Amino acid sequence: MSLSQPWAQAAFGLTGLLLLAWVVQLLVQLVLTRGVARLGVAAGATGFSAVLLDRAVLRRVAQIAPALLVLLAVRFVPHLPAVVVTVIENVAGALIVLFIARTLFKMLDVALHVHDRHGDAARSIKAYVQMGQLVVAIAAVVIMIAALADKSPFIVLSGFGAMSAVLMLVFQDTIKSFAAGLQIEGNDMLRVGDWIEVPQAGADGAVIDIALNTVKVQNWDKTIVTIPTWKLMSESFKNWRGMQESGGRRIKRTLMIDAGSIHFLSDEQIERLGHVKLIADYVKEKADAVKISRAMKLRELGEVLGRVPANRRRLTNIGTFRAYVLAYLKANSGIHPDMTLMVRMLQPTPEGVPLELYCFTNTTAWVDYETIQSDIFDHLLAILPEFGLRAFQAPGGADMRALGGGLAVHGTGAGAVAATAAAPRE
């Protein structure tokens, strides 16, 4: 093969250009990754500079150099046909756009990594990163098509206008999720690590990932539920972050008291309960008030009417028990002293009289919270008999068997009596 022929010169020149492009890529990559990247590490680059000086980003930047060299130098290859030059320039231009898009993709990935490592991990930017990558991808596709077709990108975009309805249909969930993500982030409605409940989706656990299209929730049973981001704006959900930040978790539970066990306290019972340390002052104060009230009733109504129980003021065992529960909660080290604390009686039901405890623990940790709550109700259930009260409990199998056994005994006795009465006397 003689180099004097035009096609041979063109082939030789094109081969030399490709080899030169490969060498340039190696040199640029070496300079960027071995020199610039090391300078960034030595200087302790942070923020945006850490993204720009990342080795993976610089390797992507180095890929742009050979395509750019080919684009600029292909015209100087001797005897290369104009059509071939145009095709190579168009391909090189499309490759430059592709490599720039890949660089931007990597920059966004590195920015997400830097934010998760050094920024506020609870405020996820993953949705914004994914949306940015989607925009870059769409723009790159449009520009690459325009470069390969040797047309203006605006002409390509005008062609997409006819497909807008199809594109809207394909990307409708992405668009809705992005809009929802903006509202969620703008209003600080959700963060990574938040405990949320979404009954419609079967989610009750901690948020582990917030992306453009989905939010991942790890339930307390370790299952993972994936929820479309836009659904969090179209449907309601409960976020427990406020409870966790307040430092206290609510206890709102009732004791069902057997209505048949509620009665007035006798003088002996009042004296005995007066020795209970938590309510000693309360019992003394109430007992003194009762004595004064009784003396006043005797003067007003006379000796006979003043001693009628219905005309006298008396203490009830459930009222005294309420005072005891309130004092017990105030003295409990596991109850938050600066949050709402009350003990109230609710409307009686067929299952008994509800006595509700409403208070807050001084911890939001689940295990500690359950321990404190269980200890409180263990104690209150055990001390009920001291006040002459019983907890309501629906009859169980053992109760029914005991009742049936009693009836059988009584029936046998009655039958025996009847048989004895009917027997003839000798």
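Helix α14 (residues 317–331) and helix α15 (residues 366–383) have axes that come within 12 Å and cross at roughly 150°; the axes are lines fitted to C-alpha atoms over the stretch in contact, with angles running from 0 to 180 degrees between N-to-C directions. That makes α14 roughly antiparallel to α15, the label for angles over 145 degrees, while those under 35 count as roughly parallel, 65 to 115 as roughly perpendicular and the rest as oblique. The crossing is right-handed, as it is called when the near helix is turned clockwise from the far one by less than a right angle. On the α14 side, the contact (heavy atoms within 4.5 Å) is made by Phe-321, Tyr-324, Val-325, Tyr-328 and Leu-329. Asp-375, Ile-376, His-379, Leu-380 and Ile-383 are their partners from α15. Sorted by class, that gives 8 nonpolar residues, 1 polar and 1 charged; Ala, Val, Leu, Ile, Met, Phe, Trp, Tyr, Cys and Pro count as nonpolar, Asp, Glu, Lys and Arg as charged, and the others, Gly among them, as polar.

All of this comes from a predicted model, where local features need pLDDT of at least 70 and side-chain atom pairs 80 or more, while totals for chains, interfaces and linings use all residues. Residues are numbered from 1 along each chain as its sequence is written, and side-chain values use heavy atoms, leaving out hydrogens and water.

As for α14 on its own, 11 of its 15 residues are buried, so the helix is largely enclosed by the rest of the structure. Buried here means under 20% relative accessible area, exposed means over 50%, and partly exposed is in between (1.4 Å probe, protein chains only). The buried set includes Phe-321, Tyr-324, Val-325, Tyr-328 and Leu-329, each of which also takes part in the contact with α15. The length checks out too: at 1.5 Å a residue α14 should span 21 Å, and its end C-alpha atoms are 21 Å apart.

Another helix pair is α3 (residues 55–62) and α4 (residues 64–73), whose axes come within 4 Å and cross at roughly 15°. That makes α3 roughly parallel to α4. Here Arg-60, Val-61 and Ala-62 of α3 meet Ile-64, Ala-65 and Pro-66 of α4, a contact with 5 nonpolar residues, no polar ones and 1 charged.

Lys-222 sits in the loop between β3 (214–219) and β4 (224–228). Its phi is positive, about 75°, although Lys-222 is not a glycine. Lys-222 is exposed, with a relative accessible area of 61%.

Overall, the protein has 16 helices and 8 strands, taken as DSSP runs (H or I, at least four residues, for helices; E, at least two, for strands). Of its 426 residues, 32% count as buried.

Note on methods. The expected span of a helix is 1.5 Å times one less than its number of residues.
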